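Here are a few notes to go with the model. Have it open while you read, and take the points one at a time.

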Amino acid sequence: MTLLYIVLTTFAGGLLSVLIAASLTVGLLGRLVKNLVSLSTGVLLGTALLHVLPEAFEGQASSHELFLTLLGGLLFFFLLEKAELYRHTHHHEGDGHHHHHHFDTQQAGRGGMSVLVGDSIHNFCDGVIIAAAFLADTHLGFVTAMAIVAHEIPQEVGDYIVLLNAGFSRARALLYNAISGLAAVLGGVLGYFVVGPWESLFPYLLVVASSSFVYVAVADLIPQLQRRLPWRDTIAQLAWLGAGLALVSLLVNSSH
């Protein structure tokens with residue numbers, strides 16, 4: 001049953017966002033991404049700090065070793081992004097960022113394969129993280145998967161818009177993102193069979209999952225939110241971020 005949960009949630013995380021992107025217009029997607037980035041920031045931070053990390057520290061593992069693992073995880077994802085193997089951008093023309101004209105054309109043109117490979121590795125890592133969370137605790141698995149889906153939606157929507165602005169057809173952009181999304185299923189299945197026998201490693205894997213969430217939120221999402229905005233947009237930003245935190249808090253409280 002655990003394997004079924006892993007397959008279903010990784011499949012949803014990998015393809016749900018792609019289907020959402022394909023079903024909406026580019027203009028509407030551009031407006032949605034701003035709110036989704038704020039929401040996913042709250043969900044990722046809330047999941048990492050309110051649920052996954054406390055679960056990891058409740059085990060028998062040394063707290064000192066877990067903190068070292070957290071530090072190592074942050075550095076690991078930093079290096080992956082440096083190598084352009086852990087992409088999670090949400091930029092697109094008209095999103096309020098100060099890119100030069102045809103920025104997305106260059107991004108998807110020269111770096112199209114890099115985007116595809118990087119997102120596939122990112123999704124594969126997400127699949128392994130989901131598998132580890134489900135093996136530790138079913139409820140934890142669902143909360144972790146929800147956090148990943150919340151982040152994947154603005155990520156895949158952003159990539160989809162980049163490809164459309166670069167001249168890709170909707171069908172081709174959808175196909176590329178779908179292939180990338182399926183890497184999460186592969187990561188989940190392999191994680192189930194490889195991680196399963198090593199139960200003593202679960203606390204460390206949960207800390208690595210938390211480091212991924214914290215890194216994405218702090219290094220990618222929050223800098224996007226740190227722009228001068230009218231006060232109404234700032235309040236909306238905080239409201240969506242708070243909604244993400246509240247959603248995680250509600251799920252955490254319901255499990256105790």
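1. Let's start on the outside of helix 3. His-64, Phe-67, Leu-79 and Lys-82 are exposed, and they sit on the face of this helix turned away from its buried side. Keep in mind that this is a predicted model.

2. The buried residues of helix 3 are Leu-66, Thr-69, Leu-70, Gly-73, Phe-77 and Leu-80. They lie on the same side of the helix, because they cover an arc of only 105° around the axis.

3. How far apart should the ends of helix 3 be? Helix 3 runs over residues 63–82, so its 20 residues should span 28 Å at 1.5 Å a residue; the end C-alpha atoms are 29 Å apart, which agrees.

4. Have a look at the start of helix 3 too. Ser-62 caps the N-terminal end, with a side-chain oxygen 3.3 Å from the backbone nitrogen of His-64.

5. Helix 7 covers residues 170–195, 26 residues in total. From first C-alpha to last it reaches 37 Å, close to the 38 Å expected at 1.5 Å a residue. Its buried residues include Ala-173, Asn-177, Gly-181, Gly-188 and Val-195.

6. Last stop: Leu-45, which you'll find in helix 2 (residues 26–57). Leu-45 and Val-214 are 169 residues apart in sequence, yet their C-alpha atoms are 6.0 Å apart in space. Leaving out residues up to four places away in sequence, Leu-45 touches Leu-50, Ala-217 and Ile-222.

Technical notes: Residues numbered from 1 in each chain as written. Predicted model: local features only at pLDDT ≥ 70, side-chain atom pairs only at ≥ 80, totals over all residues. Heavy atoms only, no water. Helix = DSSP H or I, 4+ residues; strand = E, 2+ residues; numbered from the N terminus. Expected span 1.5 Å × (residues − 1). Buried < 20%, exposed > 50% of the residue type's maximum accessible area, 1.4 Å probe, protein only. Contact = heavy atoms within 4.5 Å. Arc of directions from axis to C-beta. Polar contact = N/O pair within 3.5 Å; in protein donor to acceptor, adjacent residues only side chain to side chain.
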